[in-house]
Amino acid sequence: TEQKFICVSRPRRFGKSITANMLVAYYSLGCDSKDLFKNLKIENNQDFQKHLNRYNVIHLNIQKFMSRTDTIHNMLSELEYKVIRELKREFPDADFYEEKLVSVLEEIYSYYNTQFIFVIDEWDCVFRIRKTEWEVQKEYLDFLRDMLKDQPYVALAYMTGILPIKKYGEHSALNMFDEYSMTNQRDLAEFTGFTEQEVRSLCSK
């Protein structure tokens, strides 16, 4: 739908990364995952085949990039370099005029008319590790906003982490995201936690 920005926040050990990996396996052109979902409920959904392995997926684990670099600037530069390198390998016919990730994505969309799904794990590690460094947080939020907000190449952006998306200081760069937290799961409840029926079934055992 038009509402294509989702953030799921959960404590540690609640299956955030495995859910992110599952979405990558389902959507990614780089996978052939029909057998992975065979005999599961999703196979009977009318849109199952429509989206299965049909998208270019950019899967990022922000924690890994942070652990390899010493500043937020270096982290974002490393992230851009790695993703651009893969994009150029996958889309060799596009003319790349700039070396900024947003520009490269725009050029690919213009040339190939293809969209991307972004799956971002540990999106909030910058805020957990650099708790009081407001300029660092602002640079990171600006990067995510510029890459995702109002961009025609975004088919879906799914982020997951421990902290909720909220207004950091006076900065609300990610206000386009719908948030699904432990206390406000809404229509994702049956997919991201335990339903009441599942709890009753487990307790009876």
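Reader: How does the lining of the second largest pocket split by class?
Author: The lining of the second largest pocket has 10 nonpolar, seven polar and five charged residues (nonpolar covers Ala, Val, Leu, Ile, Met, Phe, Trp, Tyr, Cys and Pro; charged covers Asp, Glu, Lys and Arg; the others, Gly among them, are polar). This is a predicted model, where local features need pLDDT of at least 70 and side-chain atom pairs count only at pLDDT 80 or more, while totals for chains, interfaces and linings use all residues. Residues are numbered from 1 along each chain as its sequence is written, and side-chain values use heavy atoms, with hydrogens and water left out.

Reader: Which element gives the most to that lining?
Author: E2 does, with six residues. At least two residues each come from H1, E2 (56-61), H3 (62-68), H4 (72-90) and E3 (116-121) (helices are DSSP runs of H or I, at least four residues, and strands runs of E, at least two, numbered from the N terminus).

Reader: How much space lies in the second largest pocket?
Author: About 570 Å³ (the space filled by probe spheres set on grid points joined across faces, edges and corners). Val57, Ile58, His59, Leu60 and Glu86 are the closest to its centre, out of 22 lining residues (a pocket is an open set of points on a 1 Å grid over the protein atoms alone where a 1.4 Å probe fits, with protein on both sides within 12 Å along at least five of seven lines; lining residues have an atom within 4 Å of a point).

Reader: And what volume does the largest pocket have?
Author: About 1600 Å³. Its lining has 33 residues, and Leu23, Tyr27, Ile42, Leu188 and Phe191 lie nearest the centre. By class, the lining of the largest pocket divides into 18 nonpolar, seven polar and eight charged residues.

Reader: Where does the largest share of that lining come from?
Author: From H1, with five residues. H1 (16-27), H2 (48-51), E4 (154-161) and H8 (189-192) each supply at least two.

Reader: Other topic. How many disulfides?
Author: The count is zero (a disulfide needs two cysteine sulfur atoms within 2.5 Å). For Cys7, the nearest cysteine sulfur is that of Cys125, 13 Å away.

Reader: Is Cys7 buried or exposed?
Author: Buried, because its relative accessibility is 0% (buried is under 20%, exposed over 50%, partly exposed in between, with a 1.4 Å probe and protein chains only). Cys31 is at 29%, so Cys31 counts as partly exposed.

Reader: Where is Gln137 found?
Author: In helix H7, residues 134-148. Gln137 is buried, with a relative accessible area of 3%. Val126 is 11 residues from Gln137 in sequence and 6.7 Å away in space, C-alpha to C-alpha.
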